[in-house]
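Subject: Structure handover, aromatic pairs and salt bridges

Hello,

Please find the structure below. My notes on its side-chain contacts follow it.

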Amino acid sequence: MEQSIVRGSLILVIMVILFIVAVFDIREKKISNCWIQVLWVLGILEMMVFPETGIPERIFGSCYISFLMLLPSLFGKRAFGGGDIKLISVCGWLAGAKDIFWIFAYSIFAAGLYIGIRMWKGSMKGKEEIPFAPFICAGALLVVLQHMWG
């Protein structure tokens with residue numbers, strides 16, 4: 001009982017911080033390194049509370065999607081901002097390799113749906129940038145809810 005309260009409280013704190021990050025990204029189109037650092041500290045605590053997700057899975061989860069997001073930048077195409085890449089990296093540490101795939105998949109789907117609706121309505125212009133952190137946070141929330149109800 002006590003352990004589930006600690007786990008639930010930690011998840012709630014992480015989700016609140018992700019919500020704050022999403023709001024800042026919407027307002028300022030920037031993700032503060034301060035919030036990323038707080039999430040990394042919580043990730044270290046989370047590792048103690050959720051030991052079933054091992055360190056190798058966390059490292060792989062932290063690296064593989066963020067590397068894929070960084071890849072276009074290496075060829076001169078800016079697809080994602082640095083804050084988005086750092087956010088997905090820390091989410092990969094928190095979630096592990098399997099779940100970060102789903103977080104990213106849900107994020108891409110939701111962002112694509114958002115862009116499609118805006119284009120259909122005619123309210124999106126050309127190569128307008130959108131904040132991606134809200135979609136990452138929504139994807140993380142979906143994965144958390146899947147674990148709660150799945």
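At 5% relative accessibility, Phe 132 counts as buried. Bear in mind that this is a predicted model.

Across the whole structure, the search returns eight aromatic pairs. In one of them, the ring centres of Phe 80 and Phe 132 are 5.2 Å apart with the planes at 55°, so the pair is tilted. Phe 80 sits in the loop between helix H3 (55–74) and helix H4 (82–95), and Phe 132 in the loop between helix H5 (97–121) and helix H6 (133–149), so the contact ties together parts 52 residues apart in sequence. Phe 80 is also buried, at 15% relative accessibility. Phe 80 and Phe 132 belong to one aromatic cluster with Phe 104, Tyr 114 and Phe 135.

Salt bridges

- Glu 52 and Arg 7 meet through their side chains at 3.0 Å, N to O. Glu 52 is in the loop between helix H2 (33–49) and H3, while Arg 7 is in helix H1 (residues 2–28), 45 residues apart.
- Glu 129 pairs with Arg 78, with 3.2 Å between the closest N and O atoms. Glu 129 lies in the loop between H5 and H6 and Arg 78 in the loop between H3 and H4, so parts 51 residues apart in sequence are tied together. Arg 78 is exposed at 60% relative accessibility, and Glu 129 partly exposed at 48%.
- Glu 128 pairs with Arg 118, the closest N and O atoms being 3.0 Å apart. Arg 118 counts as buried at 16% relative accessibility, whereas Glu 128 is partly exposed at 30%.

Regards

Conventions
Residues numbered from 1 in each chain as written. Predicted model: local features only at pLDDT ≥ 70, side-chain atom pairs only at ≥ 80, totals over all residues. Heavy atoms only, no water. Phe/Tyr/Trp six-rings, centres within 6.5 Å; stacked < 30°, edge-to-face > 60°. Helix = DSSP H or I, 4+ residues; strand = E, 2+ residues; numbered from the N terminus. Buried < 20%, exposed > 50% of the residue type's maximum accessible area, 1.4 Å probe, protein only. Salt bridge = Lys/Arg side-chain N within 4 Å of Asp/Glu carboxyl O.
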